[in-house]
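Biologist: Please walk me through a helix pair and some backbone angles. Take one point at a time.

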Amino acid sequence: MTVESTAARKPRRSAGTKRAASASAKKAPLPQSAEPQLVQLLTPEGVRVEHPEYDIDLTADELRGLYRDMVLTRRFDAEATALQRQGELGLWASLLGQEAAQIGSGRALRDDDYVFPTYREHGVAWCRGVDPTNLLGMFRGVNHGGWDPTTNNFHLYTIVIGSQTLHATGYAMGVAKDGADSAVIAYFGDGASSQGDVAESFTFSAVYNAPVVFFCQNNQWAISEPTERQTRVPLYQRAQGYGFPGVRVDGNDVLACLAVTRSALERARAGEGPTLVEAFTYRMGAHTTSDDPTKYRADEEREAWEAKDPILRLKTYLSAEGIADEAYFAGLEAESEALGKRVREAVRAMPNPDTMAIFENVYADGHALVDEERAQFAAYQASFAEEGN
């Protein structure tokens, strides 16, 4: 039998089969350099454990303080979500489930350190002494950020995804040139890690040895896109390609987040350059109040992460060690309710936003199309008053 006849007898794959095989090959997982190492000091069951490189020794007052920070931050966040549902805020980005990542890293900062947040760092704002009610004016549409960044060394919220990492890098380069003994921290999410701005900030910070900590809150979902659709390696390992260290920390463990961030900040202040911290956590709620997470993730996933709740695990530890009793928890609950009431009253006392302001300052000399749109919107608004009559 000739070679030709043998080849002729082989079954031929259709074009569709070839495409399917090619697609399957493209989806094959890439090998990873190492199993992700998770820094943890407090297990989900509330058991204190040790870590060979990162450890921390806190007083009873400091431990109770971390718990109080998380409880009050969650209460504020819940009140803001409710206010949005009641029509008092235009939008809200909840931090539910990410309290440990934010409070732990926020309490690692010194007063002279500078923070560049995104739009979800309500817990870090709390640690920097920003009045919670000042965060809400922007989401009500009555200001562009109700606090002075220089007063608390806490920059205004950044809506553009990832751009604040470049701002932080430039600021840190300036800090180094000034010879100041301080550090800079930039917050961003797993979704933002796919932005070019973040890659550029990694490059510049490494080349200029900038005293900056990149704190990535990997809450598993960039709106409706899971982390595995964004990266083929653990996020913290990306730092290796830029020439600086990365570390993954249990983002639901406030003690570990505090220890790891404190170490990274000290490294930056010592002139050793940037660090990437990946806080491995979970966004328990929606991306924002305009999002419906039930459309893209399963209830079982959320339930699994609820068992790792950052507040519950610290409460378990405090109770087991006799650091806090029921009287303390009851007093904190009363303080929490008082905070919710203060926030609610403050927001309802704010003026209504000027709905026509969006048409101002678009063009210096005016524009016919903007004038037309302004008139149409004014007529639309007036129609509600007419229906009320």
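Modeller: First a term: helices and strands here are DSSP runs numbered from the N terminus, with a strand (E) taking at least two residues and a helix (H or I) at least four. The model is a predicted one.

Biologist: In which loop is I223 found?
Modeller: Strand β5 covers 221-222, and β6 covers 225-226. I223 is therefore in the loop between β5 and β6.

Biologist: Is I223 buried, partly exposed or exposed?
Modeller: Phi of I223 is positive, near 55°, and the residue is not a glycine. Buried requires under 20% relative accessible area and exposed over 50%. At 40% relative accessibility, I223 is therefore partly exposed.

Biologist: Is N153 buried or exposed?
Modeller: N153, also not a glycine, has a positive phi of about 50°. Its place is the loop between α7 (149-152) and α8 (163-178). The relative accessible area of N153 is 17%. The cut-off is under 20%, so N153 is buried.

Biologist: Is α3 roughly parallel or roughly antiparallel to α12?
Modeller: The axes of α3 (residues 60-85) and α12 (residues 310-320) come within 10 Å and cross at roughly 150°. Angles over 145 degrees count as roughly antiparallel. So α3 is, relative to α12, roughly antiparallel.

Biologist: How many nonpolar residues does the contact of α3 with α12 have?
Modeller: From α3 the contact takes L63, L66, Y67, M70, V71 and R74, and from α12 it takes P310, I311, L314, K315, Y317 and L318. By class, two are charged, none is polar, and the nonpolar residues number 10.

Terms used
Residues numbered from 1 in each chain as written. Predicted model: local features only at pLDDT ≥ 70, side-chain atom pairs only at ≥ 80, totals over all residues. Heavy atoms only, no water. Axes fitted to C-alpha atoms, helices over the stretch in contact; angles between N-to-C directions. Parallel < 35°, antiparallel > 145°, perpendicular 65-115°, else oblique. Contact = heavy atoms within 4.5 Å. Nonpolar A, V, L, I, M, F, W, Y, C, P; charged D, E, K, R; others polar. Buried < 20%, exposed > 50% of the residue type's maximum accessible area, 1.4 Å probe, protein only.
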